[in-house]
Amino acid sequence: MPDSPSSRLRDALESRILVLDGAYGTLLQGLELDEAAYRGELLQDHPCSLAGNHDILALTCPDVVRDAHQRYLAAGADIVQTNTFTSTRIAQADYQLEAEVPAMNAASARVARAAADAYATPERPRFVAGVIGPTNRTASLSPDVNDPGFRNVSFDELADNYLEAGRALMENGADFILLETVFDTLNAKAAVWALDTLSTELGYRVPVMISGTITDASGRTLSGQTTEAFWYSLRHADPLIIGLNCALGAEQLRPYVSALSKAADTFVSVHPNAGLPNAFGEYDDTPESMAETLGGFAADGLINLVGGCCGTTPEHIAAIAAAVQPHPPRRFEPLPPALRLAGLEPLVVDRESLFVNVGERTNVTGSARFARLIRDGEYEEALAVARQQVENGAQIIDINMDEGMLDSEAAMVRFLNLLAAEPDISRVPFMVDSSKWEVIEAGLRCIQGKPVVNSLSLKEGEEAFVEAARRCRAYGAAVIVMAFDEDGQADTFERKTEICRRAYRILTEEVGLLPEDVIFDPNIFAIGTGIDEH
């Protein structure tokens, strides 16, 4: 059986630093195509202007896109990206082209595949990255300054968009999916969820590369995460490659690539802009200056894959390819075991950690005041409770809305969305706490970081336990497991040990959770009941 594209790509990444192509917008804008070129024969009667919609060119002017791929391949690129950065229904709504999205992705993948195959040799295969951009909406931030809890897109909407695009890309020649220019990690988590679904459809694991965007000198994404928190939040996707691109030039990106290189136990990439935009919105880094900087990345063992983003051209890629060619690829080892959680900032719990404080005053079953505030819709005051916990040293905050007088699911979503707008609170990880799975899942669809689910147990049987655990893993959550089984709560050392051992085996061997993402609650509450056998 021939090697799969993902195994060939892995082999290539292990043998040398690979080169990704550069900007397509830069090349296509430089052609100064007119409206007729964007419309082609297919869309002559389209009701709105299409000029500037580069993604439609794969359908209406494919030779232009093919030429762009060929120029980058001739410059030394090992991987070409499909011209599909905005090829989702959400993004194409601006052009009233939602119905064309599957065809756009399929055509772009076929054009890229043909170009890559024309340059490939047995000694040097060429690969196609099926690009899915972040869309022009964000799941973690409100577009309305007067209502920070409002969202104009849902997790499900994003996942549906990503699934449609990913399916067309993989079925038409892409070797892997590139989730590019991620400015909101929750958007990326929806894409990861969609790719899990696509993997089930296709019958094999779709390889994925994820590339985030550090937006400014704060060293954070637009939605507020640090580089390390971004990685921990998406590590459950098991990406073949994790990296950073766009927004900054190579020199400005270096400290964040260095941090990612230290934290990640997979291949690391970078494809920066050609510097920061000047007063005219143009990019000034020359091929020579950019190659010198990125050659330093390679010499210091930081990267496995390098390319260019906004402002880069085939000349930039040729210079970069020559600069990194003498250097070996970055090597990495498995990370030592630790519970790695994330809010906007990371929380690592390992053998060197002290006691971890979980703030439970944002729990309606444990705080009469908080319950009253939520019942009365006084969310500003409820946020103050959360803020006080973090200020007083809580490293995680537990959020529970299980109260008979509440719409628990709606209250969980509203509170988590409001928390996302409060960086002094959301810097810590969240613990989603409920006895109802639908409330837990609604909460997980609001969180961009890596949370904890409180809790799972075997009391409803093994099948329900496995299904809930698999979904927790798909959302990127760690889990608390209580010592319950089908016969009830464990109240002896032997029963507690037996149940926890059984749960651990299921979670790590069947579900695929990392052992360090399993937290046991052995139910010591029974000790305080006063009942003799306890």
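Gly219 is buried, with a relative accessible area of 7%. The model described here is predicted. In this model the count of salt bridges comes to 27, and there are 4 cavities of 30 Å³ or more.

**Gly219 and its surroundings**

- Gly219 is found in the loop between strand E5 (208-212) and helix H10 (227-234).
- Apart from neighbours within four places in sequence, the contacts of Gly219 are Ile214, Gln225, Thr226, Thr227 and Tyr256.
- From C-alpha to C-alpha, Gly219 and Ala139 are 20 Å apart in space, and 80 residues apart in sequence.

**Salt bridges of Asp78**

- Side chains of opposite charge can pair when their charged atoms come close.
- Asp78 and Arg16 meet through their side chains in a salt bridge, at 2.9 Å from N to O.
- This pair links distant parts of the chain, 62 residues apart: Asp78 is in the loop between helix H5 (62-75) and strand E2 (79-81), while Arg16 is in the loop between helix H1 (5-15) and strand E1 (18-19).
- Asp78 also forms a salt bridge with Arg124, in which the closest N and O atoms are 2.9 Å apart.
- Asp78 counts as buried because its relative accessibility, 1%, is under 20%.
- Arg16 is partly exposed, with a relative accessible area of 29%, and Arg124 is also partly exposed, at 28% relative accessibility.

**Salt bridge of Arg471 and Glu441**

- The closest N and O atoms are 2.7 Å apart in the salt bridge between Arg471 and Glu441.
- Arg471 counts as partly exposed at 25% relative accessibility, whereas Glu441 counts as buried at 12%.
- Both residues belong to one network, in which salt bridges that share partners join Asp156, Glu441, Arg445, Glu467 and Arg471.

**Helix H19**

- H19 has 14 residues, and the distance from its first C-alpha to its last is 20 Å, close to the 20 Å expected at 1.5 Å a residue.
- Phe465, Val466, Ala468, Ala469, Cys472, Ala474 and Tyr475 are the buried residues of H19.
- These buried residues pack against helix H8 (155-171), helix H9 (185-202), H18, strand E14 (452-456), strand E15 (478-482) and helix H20 (493-511).
- After H19 comes Gly476, which has a positive phi near 80°.

**Cavities**

- Rolling a probe the size of a water molecule over the atoms shows where empty space is left.
- The largest cavity has a volume of about 120 Å³.
- Residues lining the largest cavity are Ser140, Ala342, Gly343, Leu344, Leu416, Ala420, Ser426, Phe430, Cys446, Ile447, Gln448 and Gly449.
- The lining of the largest cavity divides by class into 7 nonpolar and 5 polar residues, with no charged residues.

**His54**

- His54 has its place in the loop between helix H3 (35-39) and helix H4 (57-60).
- With a relative accessible area of 13%, His54 is buried.
- Leaving aside neighbours within four places in sequence, His54 is in contact with Gly25, Leu28, Gln29, Tyr38 and Asn83.

**Backbone features**

- Asn454 and Ser455 are joined by a cis peptide bond with omega of about 15°, and Ser455 has its place in strand E14.
- Glu32 is not a glycine, yet its phi is positive, about 50°.
- Glu32 lies in the loop between helix H2 (24-30) and H3 and is exposed, with a relative accessible area of 69%.
- Gln96, not a glycine either, has a positive phi of about 55°.
- The place of Gln96 is in the loop between helix H6 (89-92) and H7, and Gln96 is partly exposed, with a relative accessible area of 45%.

Technical notes
Residues numbered from 1 in each chain as written. Predicted model: local features only at pLDDT ≥ 70, side-chain atom pairs only at ≥ 80, totals over all residues. Heavy atoms only, no water. Salt bridge = Lys/Arg side-chain N within 4 Å of Asp/Glu carboxyl O. Helix = DSSP H or I, 4+ residues; strand = E, 2+ residues; numbered from the N terminus. Buried < 20%, exposed > 50% of the residue type's maximum accessible area, 1.4 Å probe, protein only. 1 Å grid on protein atoms, 1.4 Å probe; cavity = no way out; pocket = protein on both sides within 12 Å on 5 of 7 lines; lining within 4 Å. Points joined across faces, edges and corners; volume = space filled by probe spheres on them. Nonpolar A, V, L, I, M, F, W, Y, C, P; charged D, E, K, R; others polar. Expected span 1.5 Å × (residues − 1). Contact = heavy atoms within 4.5 Å.
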